[in-house]
Amino acid sequence: MHPNSLEDLAVDSPPDSPIDWDELFEYLPGTLVEQVDQPGICYEIEGYEATMVPPIWLVGDPRPRYPHELRIVSQQPAQVCALEPAATGARTPLA
C-alpha cells in the first residue's frame, strides 16, 4: 500500500481502532525529519501508513521507518487561510 492513503483511514477505521491518531498527525507528509542514527541528514516525510509496520515513509528512502528512529526537525506549516475583514462598505459604530 502506498503512503498516500490517509483519505481511506477515516472511512475504513472503526471508532475503537488501534490507530495512534496523535502519531499520525505528528508525522504529516512534508514534515522534515532526521534519522536518530544519522544526525544532520534531513528527509521529508512522504506519508504515514497506519496499517503498515513501520508506518512512516520518507522521500528518497525505500525503507519505512518507526517514529523512534526519527527526530522531527521542522513541522509542516498548517494550511490555513488568513481571515481579513471584507471590504464591503460595512457601517462603523457611531461614537
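Which side chains meet in a salt bridge with an N to O distance of 2.8 Å? They are the side chains of Glu34 and Arg71. In general, side chains of opposite charge can pair when their charged atoms come close. A salt bridge here is a side-chain nitrogen of Lys or Arg within 4 Å of a carboxyl oxygen of Asp or Glu. By this rule, the count is four salt bridges.

Before going on, some ground rules. You're looking at a predicted model, where local features need pLDDT of at least 70 and side-chain atom pairs count only at pLDDT 80 or more, while totals for chains, interfaces and linings use all residues. Residues are numbered from 1 along each chain as its sequence is written, and side-chain values use heavy atoms, with hydrogens and water left out.

Back to our pair. Strands are DSSP runs of E, at least two residues long, numbered from the N terminus. Glu34 is buried, at 12% relative accessible area, whereas Arg71 is partly exposed, at 38%. Buried means under 20% relative accessible area, exposed means over 50%, and partly exposed is in between (1.4 Å probe, protein chains only).

Now follow the strands. β1 pairs with strand β2 (residues 42-48) in the antiparallel sense, over three bridges; two strands pair if DSSP finds at least two bridges between them. Val33 has Tyr43 in β2 as its bridge partner. This hairpin of β1 and β2 has six residues between the strands, and there Gly40 takes a positive phi near 95°. On we go: β2 also pairs with strand β3 (residues 56-58), again antiparallel and over three bridges. Here Ile45 has Leu58 in β3 as its bridge partner.

Next stop is Arg65, in strand β4 (residues 61-65). Arg65 counts as buried because its relative accessibility is 9%. Leaving out residues up to four places away in sequence, Arg65 touches Gln35, Pro54, Pro55, Ile56, Leu58 and Leu70, where contact means heavy atoms within 4.5 Å.

Arg65 has charged partners too. One is Asp61, whose side chain meets that of Arg65 in a salt bridge (2.9 Å, N to O); Asp61 is buried, at 11% relative accessible area. Another is Glu69, with the closest N and O atoms 3.7 Å apart in its salt bridge with Arg65. Both Arg65 and Glu69 are buried. Through shared partners, salt bridges join Asp61, Arg63, Arg65 and Glu69 into one network.

Note on methods. Helix = DSSP H or I, 4+ residues; strand = E, 2+ residues; numbered from the N terminus.
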